[in-house]
Amino acid sequence: MNTPNTYIGGHVERVEDARFLRGAGRYIDDVTREGMLHACVVRSAVAHGRLVSIDAEEALAMPGVHAVLTAADVTGEIPTIPFRRPNPKIGPYAQPVIARERVRYFGEPVALVLADSPELAEDAAELVLPEIEPLPAVVTRDAALAAEPLLFPGTTEDNLAAVFTAGKGDAEAAFAGAALVVGDSFSTQRQTALPLETRGLLAEWDADAQHLTVHGAAKLPFFNRRAMAKMMDLPETSVDYVEHDVGGGFGARGEFYPEDFLVALAARITGRPVKWVEDRREHFAAIAHSREAEAQVELALDASGRILGLRGEMFMNVGAYVRPNGMTPVRNCAQFMSGPYRVPNIALQATAYVANKTPAGTFRGPGRYEGSFFIERLLDMAAARLGLDRRTIRQVNLLTNAEMPYPLAQIRPSDGSRAETSCDSGEYSEAFHRCLQAFDWEEKEKLDGRLIDGRYHGIAVSCFIEGGASGPAETARIQVAGDGGVEVYVGSSAIGQGLETVMAQIAADTLGLPMECIRIYHGSTTYLAEGWGSYGSRATVMGGNAVREAALALLARFRALAARRLGVGEAEVSVVGGQAVGPDGAVLDLADLAAEGLAGEAKFLNSDATYTNGTAAVHVAVDPETGRVEVLDYVVCDEVGRIVNALTLHGQVTGAAVQGFGSVFGEELPYDDDGALLVGTLADYLVPLATDYPRVRCLSLESYPSPTNPLGAKGAGEGGIIPVGGAVANAVASALRAFGVAPNHLPLSPARVWALLNPPD
Amino acid sequence: MEITLTVNGRAQALELDPRTTLLDALRDHLQLTGTKKGCDHGQCGACTILLNGRRINACLTLAAMHEADEIATIEGLAPPDDPGALQAAFLHHDGFQCGYCTPGQIVSATGMLEEARAGWPSHVSPNLEAEVALDRSEVAERMSGNLCRCAAYTGIVEAILETAEQERDVEPREAAE
């Protein structure tokens with residue numbers, strides 16, 4: 001059992017788990033309301049076309065069907081979904097909440113059926129007949145760039161949603177003076193985050209109070225409330241987003257989606273609670289996709305392997321519309337491709353083009369995973385050309401703590417506070433050495449490239465940074481209840497990462513109380529006037545520091561109230577372990593003063609990113625007959641500034657690494673030439689199982705606290721996935737060195753690896 | 001149609017559309033929402049329940065087929081105030097993150113441990129006749145029908161192994177007495 005003030009960094013098991021273990025977790029589909037209607041979304045089965053009409057007559061005639069809503073039921077302009085990172089170019093590409101005259105992707109909502117049961121709604125949805133005149137679908141980059149056809153004719157002149165540059169120094173001069181330039185083409189495949197719980201919402205409209213409540217919030221309830229209020233033409237205070245348990249987020253769940261508006265509109269029109277829960281097939285077409293990127297990039301080096309410059313261009317297929325977070329992977333890929341390395345000169349261009357596919361958003365490590373894959377491949381190619389050890393070429397370029405803060409490339413057009421950002425702290429070679437030591441590189445290197453029992457063995461190392469602590473602020477309020485319990489309200493959201501535990505640890509330590517006294521409330525707009533949420537690996541840093549500051553404010557108030565009650569000066573009162581002690585030994589508990597309004601509030605402001613750094617090493621065996629790659633060992637070491645909870649950190653890092661293997665080896669969302677999504681079930685989209693990647697080891701360091709926040713913590717929820725593509729591809733290349741293969745295109749499915757070994761003549 | 005389902009030892013009469021799956025009957029008609037729906041296709045394991053002690057995907061069967069059966073769900077595995085050895089091991093080994101697959105994992109593990117005790121071999125068992133010795137690969141193989149997108153598999157497998165070992169330690173003593 002921990003004593004107060006030792007929870008942070010101690011072995012603390014998760015507090016939320018008791019309910020999960022009993023089946024008492026309460027997820028959105030477990031929430032019901034008396035008299036609620038069930039919604040089913042009618043989606044376009046055509047990727048690109050003119051929406052001529054919608055015949056809902058037969059559906060409406062079914063007993064138990066209450067309404068079929070279409071664009072005609074939206075008064076005025078169809079609202080479009082706002083951007084998280086606005087920029088001047090993307091405006092015309094915003095997604096309308098329902099299609100009116102044109103559909104632009106397979107799965108785009110065209111109508112919403114409301115019925116007494118989900119089964120009835122689904123049956124009725126099949127009877128709703130949209131008439132769509134098909135147009136040629138834009139599926140490939142070439143078609144998109146050729147503007148054949150335009151997705152937004154009359155509004156835009158091309159299919160380019162945005163072009164970002166990431167710049168630093170003078171790349172042209174650096175390349176002119178380089179001893180070696182290596183370059184190639186790379187690509188990563190379209191994927192999605194795939195939380196196990198599909199998305200769902202339950203909306204309630206209180207006509208008397210003119211108040212809307214949306215259940216099923218995740219990630220960023222306050223942003224979504226603002227968006228909803230604007231679309232509904234309501235004051236912000238007339239909308240609430242309520243969070244329940246959330247079955248996984250990974251970047252995709254919780255953004256504002258078309259269904260957010262449609263379900264709320266349905267509740268407002270019918271005056272009844274309306275619930276919508278996706279089925280799995282629908283989920284694949286509706287939730288944001290990510291990662292479809294191509295790159296042509298080059299690295300300039302001197303003879304000793306020092307990086308002089310990085311340049312090139314990337315193209316990202318962002319789907320039919322720019323969703324709230326659609327630009328994040330695009331700009332991140334450009335800004336963070338340099339990773340943990342000293343790259344003095346950078347000229348990268350990232351182009352986001354639209355195509356008739358599901359609109360893109362984020363998936364864990366957005367853009368960073370892609371960029372890391374590109375540069376790590378280039379480094380191994382450069383090492384081979386220079387005759388350098390693959391460790392050396394990384395070691396000489398890893399950043400040192402003496403160089404901090406180290407500026408990364410600047411993003412233009414500027415898209416907010418992170419357009420300019422700097423690594424905050426860390427001796428990046430530390431995690432590198434610890435990783436290789438744990439991996440036992442010297443011993444495993446003896447197997448590298450060798451054929452053993454019919455399989456080629458290969459090893460590789462890959463280094464990364466992970467940006468965290470998305471600004472600008474987070475809020476918290478702490479109050480003492482009548483029973484002496486401490487209620488902590490925080491703007492951060494729980495998306496399965498153990499938020500309640502971490503916040504309770506921080507509150508307990510700051511207040512000097514046992515964790516059992518702390519109750520955590522989070523993720524709903526009902527708790528706080530403003531807040532932000534959980535994205536960009538920010539909750540522990542931003543929410544954690546807000547909780548800490550609120551706790552300090554509460555202690556100050558406790559001291560003041562106690563001094564007044566005891567009739568002494570504040571300086572004479574000592575506050576320890578939830579008790580105020582006067583000069584004569586008189587003791588007051590928190591509960592004694594609860595009635596006097598014992599509370600503390602804080603808004604933690606921070607616009608500086610934290611950068612966790614780390615290194616991963618992998619050992620694979622490749623079967624040349626089948627192309628199957630087995631991961632024999634994987635070690636990742638990261639330096640996170642301060643470890644608040646080693647158990648949840650370990651879970652995040654390992655879980656992310658395994659998701660990375662899923663990304664590298666199998667998960668893919670292919671489309672046919674007409675823009676139809678070819679994945680509809682978990683039998684088509686192969687995510688890792690218990691049997692797949694059992695050998696993942698991780699270790700974490702806390703040697704360089706982040707100077708950006710009093711806790712010293714750095715965001716750490718995404719880093720585990722970032723280096724996986726580069727590490728695995730380089731290990732496969734190393735294993736198959738005798739064949740001179742270049743695994744530059746993901747996924748490394750058995751078929752693709754086999755094709756690398758058996759190129760067509 | 002009218003049907004009586006016996007769930008967690010309690011018989012309950014229901015009026016159901018004959019097409020209702022067992023999963024929907026449990027969740028929507030008996031309010032036993034601990035059993036989760038992740039795919040409705042038998043591909044994720046989140047809806048795993050015990051049917052006469054044997055684990056099945058509740059989404060792949062119709063409620064109407066199980067009038068005579070004993071059904072156990074996560075809610076019936078352990079009393080609320082006493083989590084049970086398997087549940088405690090999940091907590092200790094951090095065998096989850098978001099918790100959505102957890103009920104299915106716990107129920108599946110319960111059924112799986114019983115299968116192993118009964119000597120059922122798996123795809124990776126070296127000997128089909130011998131007593132089952134659970135190790136990492138046996139547990140992973142036997143749990144491969146339960147998807148965990150948070151990928152807490154290491155913790156899940158360790159939790160189950162620990163529970164199996166505890167049972168093995170306890171059983172011979174009981175037998176001796």
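Tutor: Contact here means heavy atoms within 4.5 Å. This is a predicted model, where local features need pLDDT of at least 70 and side-chain atom pairs count only at pLDDT 80 or more. Residues are numbered from 1 along each chain as its sequence is written.

Student: Why is A:Gly49 called buried?

Tutor: Buried means under 20% relative accessible area, exposed over 50%, and partly exposed in between (1.4 Å probe, protein chains only). A:Gly49 has 0%, so it is buried. Its place is in strand β2 (residues 49-55) of chain A; strands are DSSP runs of E, at least two residues, and helices are runs of H or I, at least four.

Student: How do you know that A:Asn613 counts as buried?

Tutor: Its relative accessibility is 1%, so A:Asn613 falls in the buried class. A:Asn613 sits in strand β30 (residues 610-622) of chain A, and its contacts beyond four places in sequence include A:Tyr428, A:Phe464 and A:Cys637.

Student: What makes A:Asp279 partly exposed?

Tutor: A:Asp279 has a relative accessible area of 34%, so it is partly exposed. A:Asp279 lies in the loop between β13 (274-277) and α8 (280-286) of chain A.

Student: Which residues form the negative surface patch?

Tutor: They are A:Glu119, A:Glu122, A:Asp123, A:Glu126, A:Asp279 and B:Asp28. Helix α3 (residues 118-127) of chain A gives the largest share, four residues. Patch residues have over 30% relative accessible area and no salt bridge, with like charges joined within 9 Å; a salt bridge is a side-chain nitrogen of Lys or Arg within 4 Å of a carboxyl oxygen of Asp or Glu.

Key
Chains lettered and ligands numbered in written order. Heavy atoms only, no water. Patch = residues over 30% accessible without salt bridge, like charges linked within 9 Å, V, L, I, M, F, W, Y side chains within 5 Å. Areas by Shrake-Rupley, 256 points an atom, 1.4 Å probe, with all protein chains shown as cover. Lys, Arg positive; Asp, Glu negative; His and termini not counted. Charge placed at Lys NZ, Arg CZ, Asp CG, Glu CD.
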